[in-house]
Structure formats: structure tokens, C-alpha cells
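Dear colleague,

Please find below the structure I promised to hand over, followed by an account of what was found in it. I would be grateful if you kept the structure open while reading.

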Amino acid sequence: MTRVRTTARGDGRRLAARHRNIELGLLALAVAVCLAGHIDADLALTGRMPPGLLVHGLSLGALAGAAHLAVRRFAPYADPLILPLGVFLTGFGLVLLDRLDFSYKAAHAAKGDYQKLPAAPSQLMWVFISVAAALALIVFVKHHRFFQRYVYLLMAGALILLAAPVLSPGDSFGAKRWIRLFGLSFEPDEFVKVAITIFFAGYLMASRDALALAGRKVWGLTLPRGRHAGPVLAIWVVSLLVLIFERDLGTSLIFFGVFIVMLYVATERTSWVVLGLLMAVGGAAVVGTVEPHVHGRVEAWLHPLDYYKPVHDMAISEQPAEALFSLGTGGMTGTGLGSGRPWLIGFAGRSDFIFTTIGEELGLAGVTAILLVYVLLVQRGLRTAIGLTDPFGKLLATGLSAALALQVFVVVGGVSGLVPLTGKALPFLAAGGSSLLANWLMVALLIKLSDSSGRTALDPAQPSPEPLPAQARPAEPSVRAEPSAPGPYGPTDPDAPHDPSAQRPTDPTPAGPLSSTPGAADPSAPTELRPAYGHPPNPSAP
């Protein structure tokens, strides 16, 4: 029996090491594609190779290598795709910003405004800061359950950060999303997105049974009980307050949307989704009617070409129409990096309109490729949630994936005319230190979560780095196994009588992370051993 367990454990470690090698190869590919983009853009813009290409390539490669080594050492069972996807999106964002900086410098040199200032050097500095913060989280946080101890503290800090821009003087492009201190500015709602997701995971894990209770039926839909709808009403009110006082449509939608998604995952009740959608649409309709800035966003969404009329609503800007022209110019394959004119849209590189650069210069093919990268990153997060065995981890992985998906949706939908503009930054691509730092913290959390998921699937005999409380599971008959060496979950009694009939309980569900019977390690075992990626090791191998 000891031989079977040791063999399974060794196979799991070998498969995990193979995943790390795959990750290293994908990181090299991501860096190579980003460097090729730099070369292509500079050749189109200047006709020569970009200066400092070797230094940039070595820096980006060293950063990716350091991240890989940290994951290999402190999260060896992590998903092999999460880190390369983050590195690719970040590196490609630097390509777009550097390309836009060249055109803005030429177009705005005579005007002397701020748009002639480059954004890529500052973004590169934030890349190093963000990756360093992500590595610190991977190294020093031993298990994702660490955050479960501080969910209410994180919620209190998130609410303070969420309300802080209201007290900050002045608006930025019609919204109050930034805090300015000592000449520096940062966007707190990006960090609030991560902190509130952690709080939602902890709160819903503790309250899911009460929230799942059914109430009365209305038009065939089972609505929740009134006293249990209080948390949803509270989150709805907070999101409306953000929308009213900060005029931040994007944060309000993401904030409320993530809660509804996680609430559905926790309770599996469609009534919560329907109720949440009705509340979101109703609240947005009311605020969009009475709040001038939000109303202007809606009008620009409904009538983007009205800007070119001799008389039009002054709240309508030219950017929605220019974005449609830019996307239409790209066609199927685009004009090529550096060959388009995306700089005609003001401050595109510093806002959500950086997406139009992709549409114009890489066409529909490039847009589809970038969106598929986002979809793949979200899919890996949801796959991690499926592989996790604890409710807090499942909800946290689901919430982080939903937050990323919703932010990409509101940004891309706003630029393409599907929804009103929100002004949110496109994750990893648009300039902004706050956004980049928050998104890399999300990547680090997903890596730690996928490490726990992979550890359960590939090496279930190894104890978790963080002591976890016992999970509530149906009681199973005790099994007396034949004498064996002490296992990781307690020694076996060498004097116990051997009973062959007791080797396999009638219930096929394994009693723990790794049962002491050969049948419990079968690859077709229940979801407690279902891997987040790859296949479980075959314990019957010699």
C-alpha cells in the first residue's frame, strides 16, 4: 500500500514539473511575440530597428523568468497558462503604448499639451512594480485561506477607498475615480475590485445556506425570502451611490455584477440573477436620466454621429464616433502595426480607446485573438474554481474571473458601441499603474488558487501548506486497512486485524484527500480528486 501511494505521489510531481516546463516555453513565446511586435511597429514608423530592443527584451525576459522561478518554487502545481497569458497581455500593452507615444509626440509637439509626453516609460516602471508585488504575494502567502481571516477588514478598507474619490477635489474626464496625494494619483476602485471579491467569497461561504432558502413564487419564479434579500439591497444601494456621487458607471456595473455572479454560484438559484438584473437595469435607468454625466454617456451611445450635426447635445463627445471609424478602417486584417492613425482619437493610449488601436492596425483578426486571450485567462480561472474543494476558494476564483470578464466586457462593449462608455482601463493593455497593479494581484491570486487545485488533483497525499478546517461531508464507514507506514493524515494501527471485506466501503466517495485503498485513487473518482488541468496520476503504474 505504501508503494502505491508513493508511486502516485511521484507521478503527480513529475506531471507538475512537466507543467512548469510548458509554462517556461509559453513565457518564451509570449516575450518573443511582444518583441516581434516592437520590431514591426518601429519598422513601419521609422524604417529602422527600435533603439534599446536588446535591453527591453532582456528586461522583459528576466522579469518573466523571475516570475516563473517563483511559481516553480512556491506554487509548483499552479496552472501553466495563467502566468504566460498575463505576461503576453502586459508586453503587448507596452508595444501599443510605445507605438502611440511616437505618433502623439509628432502630432502634439507644436501644441505643447500633455499628450506629447510618453506613457510607455511610466508603464514599464509599473510593470516591474506590479510583477514584484505579485511575486511577493506568491512567496509570502502560503495558502489562499489566509485572506479568509481578514474578509471584514478588507471590506472596511475597500469601502473607505471607494468613498475617498468623492472627497478628492476636481473631476477627471467627468468622473471622480482618482485620489491625488503629493502630486501622485491612483485609481482606488481597481483595488476595491479585488478586496470586495475576497469579502464576497467569505461572506457568501458563511451565508449561502440562508440565501439559498426559497420564498414565494411570482410568475413562476421562486423569489428569495425578504429578510435574506437585505445583502443584495445593500450592495445595490452602494453601487448606485458610486454611480451618483462618483459618476463611475463601469465600477458600479462591475461591483454589482460580480456580487450577483458569486451569489448565483453560491446558491444555484436563478431567481437571484433575475432579481439582480432587474435591479441593475432599473437603477442604471434612473441614474442615467437624472445624472447629467451619465446621461451624456447614454446619449453618446445611442446617437454617436450626432456630434457632427450643427446643433447637438454638448454632452456628446467625438470619441464614440471616432472609435467606430477607427474600428471600421481596420477591416479583416488591419493596416499593420504602426501604419494606422489611431492617435487621431485623443489620449487613446491612456484610456479604454487603446482597443481601437488593435482594431485599426490588426483588424478583426487581431481583435479576435486578443479577446480569445482574455477568454482563455477567464476560463483558466473558472477551471481552477471547479478543481478546488473548499467553498471559499471556489467562490474567490469565480469572483476574480467574473471581475476580469466584466471589465473587459464593459470596456470593449463601450468602445465598439455595444454598451455606453465607462472610461475603465482595458486590463493589462491600457496605461495606468493602479489598473496594472490590481490586475497582477489578481493573477497572483489565481496562481495560488490553481496551485491548491493542482495539489489536490496531482498530489493529494501531500498536506496543504495552510492548515484547513475540516469540511462538512457525509459520514462514511470507517475502513481498517492493512498495516502500512504512517500516512500524512495519521498513523495506522499495526496491530489491527486484516479484514479484506473492509478494504472498500459501499460508498465510492473517498474518505479523504487520498484514501488508503487502491480503488480510491481511481482516475474516475468523484470531484474531490478532479484535476483543474491535466490528468491524475495512475497509482497502478509500477
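In this predicted model, lysine 193 and glutamate 190 are joined by a salt bridge between their side chains, with 3.1 Å from N to O. Both residues belong to helix α6, which covers residues 188-211, and they stand 3 residues apart, or about one turn of the helix. Lysine 193 counts as buried because its relative accessible area, 10%, falls under the 20% limit. Glutamate 190 is likewise buried, with a relative accessible area of 0%.

How many salt bridges does a search of the whole structure find? The search finds 8. Two further examples are described next.

One of them brings together the side chains of arginine 380 and aspartate 79, at 2.8 Å from N to O. Arginine 380 is part of helix α12 (residues 354-387), whereas aspartate 79 sits in the loop between α2 (53-74) and α3 (82-108), so this pair ties together parts of the chain that are 301 residues apart in sequence. Are these two residues buried or exposed? Arginine 380 is buried, at a relative accessible area of 11%, and aspartate 79 is buried too, at 1%.

The other example is formed by aspartate 390 and arginine 145, whose closest N and O atoms are 3.5 Å apart. This pair links distant parts of the chain, 245 residues apart. Aspartate 390 is found in the loop between α12 and α13 (391-416), and arginine 145 in the loop between α4 (120-140) and α5 (151-167). Both aspartate 390 and arginine 145 are buried.

Serine 239 lies in helix α7, which comprises residues 230-245, and is buried, with a relative accessibility of 3%. Which residues does serine 239 contact, once its neighbours within four places in sequence are left aside? They are Ser252, Phe255 and Phe256. For phenylalanine 256, the C-alpha atom is separated from that of serine 239 by 6.3 Å, although the two residues are 17 residues apart along the chain.

Yours sincerely,
A colleague

Methods
Residues numbered from 1 in each chain as written. Predicted model: local features only at pLDDT ≥ 70, side-chain atom pairs only at ≥ 80, totals over all residues. Heavy atoms only, no water. Salt bridge = Lys/Arg side-chain N within 4 Å of Asp/Glu carboxyl O. Helix = DSSP H or I, 4+ residues; strand = E, 2+ residues; numbered from the N terminus. Buried < 20%, exposed > 50% of the residue type's maximum accessible area, 1.4 Å probe, protein only. Contact = heavy atoms within 4.5 Å.
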